[in-house]
Amino acid sequence: QVHLVESGGGLVQTGGSLRLSCAASGRIFSNYTMGWIRRAPGKERELVAAIRWSSGYTHYEDAVKGRFTLSRDNAKNTLYLQMNSLKPEDTAIYYCAAFNEEKSRYDYWGQGTQVTVSS
């Protein structure tokens, strides 16, 4: 069982930065991809960025490429999302999730953290 806890959200002005953290209470196994998924009001959820835990391979959604950066601390079992040059359209609840590659499903979700970018 893995318990995910996000932190680091908040209110920031356009062009500002935030760093989200996702701390995992249990071990993240190599068959997982860890991702940040956001849901904006009235929109479908979208995968923002993801990292394959075994290889470190990263993927970014086009709208955030060059602005968001994933990193991790294996010793702390923590995933980070550095968000720079934030835009109002980045406003959403950001969820950390663990995708089971073998079963093709999200096994674990965090509670979400609100990111609000004011114009």
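The largest nonpolar core holds 31 residues, of which Leu4, Met34, Trp36, Leu79, Leu81, Met83 and Tyr94 touch the most other members. Such a core is a set of buried Ala, Val, Leu, Ile, Met, Phe, Trp, Tyr and Cys residues joined through side-chain atoms within 4.5 Å. At least two residues of this core come from each of β3 (18–24), β4 (32–39), β5 (46–52), β7 (68–73), β8 (78–83), β9 (92–100) and β11 (113–118); strands are DSSP runs (E, at least two residues), numbered from the N terminus. The model is predicted: local features need pLDDT of at least 70, side-chain atom pairs count only at pLDDT 80 or more, and totals for chains, interfaces and linings use all residues. Residues are numbered from 1 along each chain as its sequence is written, and side-chain values use heavy atoms, with hydrogens and water left out.

Six salt bridges were found in the whole structure, each defined as a side-chain nitrogen of Lys or Arg within 4 Å of a carboxyl oxygen of Asp or Glu. Arg38 and Asp90 form one of them (2.9 Å, N to O). Arg38 lies in strand β4 and Asp90 in the loop between β8 and β9, 52 residues apart. Both residues are buried (under 20% relative accessible area; exposed is over 50%, partly exposed in between; 1.4 Å probe, protein chains only). Salt bridges with shared partners join Arg38, Glu46, Arg67 and Asp90 into one network.

A salt bridge also connects Glu101 and Arg52 (3.5 Å, N to O). Because Glu101 lies in the loop between β9 and β10 (105–109) and Arg52 in strand β5, this pair ties together parts 49 residues apart in sequence. Glu101 is partly exposed at 27% relative accessibility, and Arg52 is partly exposed at 38%. Lys65 and Asp62 form a further salt bridge (3.1 Å, N to O), in which Asp62 is exposed at 60% relative accessibility.

Definitions and conventions: Helices (H or I, at least four residues) and strands (E, at least two) are DSSP runs, numbered from the N terminus.
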